[in-house]
Amino acid sequence: MHCERSVEKVDNILPQAEFAFNSSTNRTTGYSPFEVAYGLKPKQPVDLIPLPTSVRTSQDGDAFARHIRDIHEKVREKIKISNENYKEAADAHRRYIQFQEGDLVMVRLRPERFHPSTYQKLQAKKAGPFRTSGADTSLRESFPALYSMASSKDAWVVGVWDGGIDQERFISDTIFWQDQVSHYYRLMNVNKTDIRNVMDMNALIGGFAVALNTFPVWVMNVVPASMNNSLSAIYDRGLIGSFHDWCEPFSTYPRTYDLLHANHLFSHYQNHGEGCLLEDIMLEMDRILRPQGFIIIRDNEQITSRIRDIAPKFLWEVESHLLENEQKKMDSVLIARKKFWAIV
């Protein structure tokens, strides 16, 4: 509602607007809200003019009750017809998918199925992929524990998965990163609430972001442009992400990040030559990281050794650790923290 009068006097206009709405005929029901509730039209100013006694009528209680019932019955019929028309218009734009036995599908999760206080606005809304046991879209397995689901009762299939990664790969990737995240927070020695904005600089299929599912964080997943485009897997898990070449600056407006995670990113770019050297990527990481923010770098020993030598020039405090990777081998892991400094 738009009011051209003084805003301070809007409370004097609201009763007029309410009366106008309640006395207007609804497109769906064919009656005004007042008439549906009370069985008669509200008195308008013109109705206040006295009528001759010869044309005045009165109804007894039974007749008025029948009148109310007739109105409600007509309203129900009109609403039913209106809903059918809406459904027909919506179905005209709906894409029907025929599932075949063995299809991998993504499953939409209802927010109320998450355990109390675990659901977040930016949390993944889809689970899977799951393999169908037939064309009726039934699920063969229950949801993974990572989604905090009790069963598959309040979920429905939303599409065929064509990401080229099977369910076992998804589950193993998620379990691995859940374990790594617990190690990361222990090594950084921070509380869950100390980190808010996170970037995974080599996200692959988003396992690191899913492992942070129950943390109060916002995660940007980045797939390097020179690698296989796995953004469809990230999107199908209900996450956000982008495709980017780390030889170029990354637009971070309007935020800086509290934590950067680079999993074997530097070894991928080590042969890209001038303009994309290890130092160039480190400089870009330093730019988008807030003071006292953290950087986690996993890579081979040769790469981490060079970074450890260069890091003090960026005023990074670095600690070296060893963590087990998915192949049960030891990865060199650097936990770096950007110093807070000022020119005096």
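Asp286 is buried, because its relative accessible area is 16%, and the cut-off for buried is under 20%. This value comes from a predicted model.

Asp286 sits in helix α8, which spans residues 278-288. Its side chain makes a polar contact with the side chain of Trp316, at 2.9 Å. Trp316 is also among the residues that Asp286 touches; Phe314 and Lys338 complete that list once residues up to four places away in sequence are set aside.

Now step back to the whole chain. Helix α8 belongs to a chain with 9 helices and 10 strands. Of the 344 residues, 39% are buried. Take the contacts between residues at least 6 apart in sequence: 65% of them join residues at least 24 apart. The exposed surface comes to about 20900 Å². Carbon and sulfur atoms supply 52% of that area.

Next, the open space. Rolling a probe the size of a water molecule over the atoms shows where empty space is left. The second largest pocket has a volume of about 330 Å³. Its lining counts 23 residues. Nearest its centre lie Trp177, Asn202, Leu204, Asn263 and Glu326.

Which elements give two or more residues to this lining? They are the helices α4 (167-188) and α5 (207-211) and the strands β5 (218-224) and β7 (257-263). Helix α4 gives the most, with 4 residues. By class, the lining of the second largest pocket holds 9 polar, 8 nonpolar and 6 charged residues.

Notes: Residues are numbered from 1 along each chain as its sequence is written. This is a predicted model: local features need pLDDT of at least 70, side-chain atom pairs count only at pLDDT 80 or more; totals for chains, interfaces and linings use all residues. Side-chain values use heavy atoms; hydrogens and water are left out. Buried means under 20% relative accessible area, exposed over 50%, partly exposed in between (1.4 Å probe, protein chains only). Contact means heavy atoms within 4.5 Å. Accessible areas come from the Shrake-Rupley method with a 1.4 Å probe; for residues, only the protein chains shown count as cover. On a 1 Å grid over the protein atoms alone, a cavity is a set of points where a 1.4 Å probe fits but cannot get out, and a pocket is an open set with protein on both sides within 12 Å along at least five of seven lines; lining residues have an atom within 4 Å of a point. Grid points are joined across faces, edges and corners, and a volume is the space filled by probe spheres set on the points. Ala, Val, Leu, Ile, Met, Phe, Trp, Tyr, Cys and Pro count as nonpolar, Asp, Glu, Lys and Arg as charged, and the others, Gly among them, as polar. A polar contact is a pair of N or O atoms within 3.5 Å; within protein, one must be able to donate a hydrogen and the other to accept it, and residues adjacent in sequence count only if both atoms are side-chain atoms.
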